[in-house]
Amino acid sequence: MNLLVAQAQQIEAPEIHYGAIAPVLIVLGAACISVLLEALLPKHQRWAVQLVLSLLTLVGATGALILYAVSERPEQGVATLAGTVAVDSPSLFLWATLLVLAFGSVLLIADRSVEPGGAFVAQAAIRPGTIQDRAQATKTGMQTEVFPLTLFALGGMMTFVASNDLLTMFIALEVMSLPLYLLCGLARRRRLLSQEAAVKYFLLGAFASAFFLYGVALLYGYAGSVKLSSIAAAAAGTDRSDTLLFAGFGLLVVGLLFKAAVGPFHAWTPDVYQGAPTPVTAFMAACTKVAAFGGILRVITVAFENTQWEWRGVLYGVAVVSMVIGAVLGLTQTDVKRMIAYSSVAHAGFLLIGSIALVPDGEGVSATMFYLLAYGFTTIAAFGIVSLVRNSDGEATHLSQWAGLAKRSPIVAGVFTFLLLALAGIPLTSGFIGKFVVFSAAIEAGLTPLVVIALVASAVAAFFYLRVIVLMYFSDPAPDGPTVSVPGAFTTIAITLGAVVTLVLGLWPTFVLDWAGTGTFLS
Amino acid sequence: MTPTYYLLLSALLFSIGAVGVLVRRNAIVVFMCVELMLNAVNLTLVTFARINGSLDGQVMAFFVMVVAAAEVVVGLAIIMSIFRTRRSASVDDSSLLKY
């Protein structure tokens with residue numbers, strides 16, 4: 001007994017900087033409350049209450065983040081919760097990005113004006129194709145569990161980009177992925193596609209996390225700890241076997257690249273993007289990309305910077321493959337959601353270029369974070385537009401149905417054209433500035449050949465964006481073509497937010513660039 | 001007996017699981033193979049905890065078990081829903097989304 005007491009006194013509770021991690025706590029706490037509300041409230045009240053709670057949470061978390069960011073805080077950041085979570089400048093930047101992007105996504109998710117009842121199924125347990133299913137397609141209710149699921153996914157993403165050891169990173173990876181698997185399967189229309197997307201995403205995602213985890217185990221064997229800084233210290237100068245280090249790094253990176261949808265680990269991307277409900281696709285395309293690349297940046301900057309000459313060639317090759325796959329297969333697509341999915345694979349290649357441009361002074365990190373922010377807003381707005389073009393069957397995503405859209409709805413076609421130009425990287429849009437900063441960081445880091453390949457890939461990719469623009473403006477609309485729904489306030493706000501940020505960052509990027517470059521990862 | 005054998009065994013189990021995911025058709029069996037991979041990782045973690053003389057690895061094995069359990073809940077729900085729709089759990093039948 002005395003022995004136990006003596007031991008209990010030796011264990012000190014870790015110090016927690018509540019101010020620093022308040023945004024994550026708010027999001028996860030609200031997610032738990034949201035689950036409770038789901039159980040306690042009558043059905044007709046849930047949508048409104050959940051929506052208000054989610055939006056308040058995002059605003060509150062952003063407020064807490066701003067309060068912390070402007071307060072007196074250590075320049076290089078703090079490691080809290082026994083060193084498992086690092087709140088430094090990149091974490092704060094990525095958190096702010098995630099919160100604002102999630103705000104746009106929640107607005108798209110909550111919208112009920114475009115489709116009566118919203119994009120989500122009224123009752124997921126009803127089998128598709130039955131009489132009850134046809135009845136529920138016309139009901140106005142929706143499965144309001146999507147709100148807590150979105151908040152949990154967001155909490156996981158925020159933890160993921162700030163996690164300072166690999167175990168925390170793995171748990172955060174699962175907390176962000178598991179809700180997304182479910183969200184993918186909840187579409188109101190085309191439920192077979194939606195369920196298929198969920199199964200594919202789930203099986204491949206679980207497969208990839210197993211690889212990630214085996215990498216973590218091997219690195220634990222190598223360094224005796226899963227802290228990123230301990231791995232860096234162990235790799236800095238020992239006579240330990242490199243086999244464990246590089247096998248561990250390889251497996252870990254496979255898991256990360258899968259989440260970031262970098263080719264050749266992209267196989268799930270087009271299917272899931274197409275099958276999932278469009279607001280969820282927007283959420284995944286914007287926020288998951290930010291989270292996954294935030295994690296990649298942290299892991300390779302903090303833990304593997306010393307060994308970069310060994311692994312840089314591999315990621316170099318992966319970036320080339322990703323850009324080529326995205327650009328070339330994007331050309332052959334006939335579905336607009338799949339086309340944006342392949343475009344996201346190509347963009348993942350560009351982002352990876354920024355991530356591996358670590359020398360001489362780590363400008364790659366701030367460039368990549370700027371690119372993530374810019375790309376996230378453009379994508380959310382683009383998927384918002386996709387959800388507006390509909391026929392009696394739901395969304396009309398086949399490209400042939402978009403022919404002559406400018407004649408039916410000049411505004412929607414105009415905004416979509418602007419967003420496609422931003423994705424292609426035309427000047428005066430944020431896409432151009434993003435590509436510019438990433439490529440100049442890469443040239444400084446001595447990756448000029450890679451930048452040449454990237455420029456060729458963006459030229460090829462520009463072709464399929466321009467093809468859609470030509471289709472919208474220079475062909476005649478089919479008589480039985482889709483109509484463009486007039487969006488309600490939520491979708492309008494989300495699209496406007498995305499488009500305005502895309503424009504503003506194209507004209508005055510300095511503010512965000514400075515902010516992205518304020519600090520480095522805590523090591 | 002050196003701990004290396006346990007590492008080899010876990011690598012073997014992990015590979016069996018990975019091959020199983022790639023070749024098996026039934027979604028439930030594919031999922032079981034993923035679980036096999038996770039448990040192979042647990043064996044690796046525990047072995048390294050022994051080699052390194054620290055408890056971290058054993059604690060991580062507990063975390064992995066919890067995550068695996070959560071994954072089962074979500075995964076079986078998804079597989080169930082598609083099974084009820086299609087009356088089949090074969091991953092080859094889910095082929096509406098392609099190219």
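**Helices in a predicted two-chain model**

Biologist: What makes residues 28-49 of chain B a helical stretch?

Modeller: In this predicted model, residues 28-49 of chain B are 100% helix and 0% strand, with end C-alpha atoms 32 Å apart. Residues 61-83 of chain B are likewise 100% helix and 0% strand, and there the end C-alpha atoms are 31 Å apart.

Biologist: Why is α2(A) called roughly antiparallel to α3(A)?

Modeller: The axes of α2 (residues 18-40) and α3 (residues 43-70) of chain A come within 8 Å and cross at roughly 170°. Angles over 145 degrees count as roughly antiparallel, and therefore α2(A) is roughly antiparallel to α3(A).

Biologist: Which residues make that contact, and of what classes are they?

Modeller: Among them are Gly19(A), Ile26(A) and Glu38(A) of α2(A), and Arg46(A), Leu53(A) and Tyr68(A) of α3(A). By class, the contact has 14 nonpolar, five polar and two charged residues.

Biologist: How many residues of chain B are in contact with chain A, and which helices supply them?

Modeller: 35 residues of chain B are in contact with 33 residues of chain A. On chain B, α1 (4-23), α2 (27-52) and α3 (56-86) each supply at least two residues of this side. The largest share, 16 residues, comes from α3(B). This side of chain B has 24 nonpolar, eight polar and three charged residues.

Note on methods: Residues are numbered from 1 along each chain as its sequence is written. Chains are lettered from A and ligands numbered from 1 in the order in which they are written. This is a predicted model: local features need pLDDT of at least 70, side-chain atom pairs count only at pLDDT 80 or more; totals for chains, interfaces and linings use all residues. Helices (H or I, at least four residues) and strands (E, at least two) are DSSP runs, numbered from the N terminus. Two residues are in contact if their C-beta atoms, placed from the backbone, lie within 7 Å. Ala, Val, Leu, Ile, Met, Phe, Trp, Tyr, Cys and Pro count as nonpolar, Asp, Glu, Lys and Arg as charged, and the others, Gly among them, as polar. Axes are lines fitted to C-alpha atoms, for helices over the stretch in contact, and angles run from 0 to 180 degrees between N-to-C directions. Angles under 35 degrees count as roughly parallel, over 145 as roughly antiparallel, 65 to 115 as roughly perpendicular and the rest as oblique.
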